[in-house]
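Please consult the sequence and the coordinates shown below alongside the text.

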Amino acid sequence: MLARERFSWVQLTGLVLFFGAYFVVVSALQHAHIEPTFLQKIGILAIAAGSLAVVVLIDRIVAWLRPDRNAKPDERDKLIELRASGVAYYVLMAGALYVGCYLPFLATTWQIVNSTLAVVVIAEIVHHGLVVLGYRRGWRV
Amino acid sequence: MSERKLTNNIRTLRFMSNEMTQAELGERVGVTRQTIAAVESGKYSPTLESAFRIAEVFGKPLEEVFRWEA
């Protein structure tokens, strides 16, 4: 497996696991009408982001130890990245419009922050999901 | 227009070229082993430049390496 594909697998799994858990905790607190303090909110977010950062860092170290660490992306790598980024861009734009133009009239500040985070996470999941799909299934022109 | 699939003889040509590995071919063409594997299995259509380079490695014209599936 190429380092680029493995990186996308790691990112995809990490985002789904850690930020999935983060949003489950956040929505559970909201439904239970529990309002955490600012530090608690930042703490939960820091745990999710920190866990992802540690996993990604380990993957980068493993990639650096491999003999093909200086391998440049070839035409297929670039095509897969281009297509995945193109789709993820529209997901991000749609989310940005929703968060920026609709939510400010309805939601609290912290809900807007979490929604913005959710949009970024979803766009990243789409991006890395499509990269993985591109390497596994291939894309015919 | 009917949808036609592009196939190739890379696997056979590698075998006939002293069982050249995918990694060797990839190195000579300037792509990764995984890209050669994807081209061979029909999961990826190479750029025109890479297609010509692959044909050049085997010393064959392009149409002997790549062709439309019958």
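A residue counts as buried under 20% relative accessible area, as exposed over 50% and as partly exposed in between, with a 1.4 Å probe and protein chains only. This is a predicted model, in which local features need pLDDT of at least 70, side-chain atom pairs count only at pLDDT 80 or more, and totals for chains, interfaces and linings use all residues. Residues are numbered from 1 along each chain as its sequence is written, and chains are lettered from A in the order in which they are written.

**Loop of chain B**

- N18(B) is located in the loop between α1 (10-16) and α2 (22-29) of chain B, where helices are DSSP runs of H or I with at least four residues, numbered from the N terminus.
- Although N18(B) is not a glycine, its phi is positive, at about 55°.
- N18(B) counts as exposed because its relative accessibility is 76%.
- E19(B) also belongs to the loop between α1 and α2 of chain B, and has a positive phi of about 50° without being a glycine.
- With 55% relative accessibility, E19(B) counts as exposed.

**Helix pair of chain A**

- Helix α3 (residues 75-102) and helix α4 (residues 109-137) of chain A have axes that come within 8 Å and cross at roughly 160°.
- α3(A) is therefore roughly antiparallel to α4(A), a term for angles over 145 degrees.
- The contact of α3(A) with α4(A) involves 17 nonpolar, 6 polar and 3 charged residues; Asp, Glu, Lys and Arg count as charged, Ala, Val, Leu, Ile, Met, Phe, Trp, Tyr, Cys and Pro as nonpolar, and the others, Gly among them, as polar.

Definitions and conventions
Side-chain values use heavy atoms; hydrogens and water are left out. Axes are lines fitted to C-alpha atoms, for helices over the stretch in contact, and angles run from 0 to 180 degrees between N-to-C directions. Helices (H or I, at least four residues) and strands (E, at least two) are DSSP runs, numbered from the N terminus. Angles under 35 degrees count as roughly parallel, over 145 as roughly antiparallel, 65 to 115 as roughly perpendicular and the rest as oblique.
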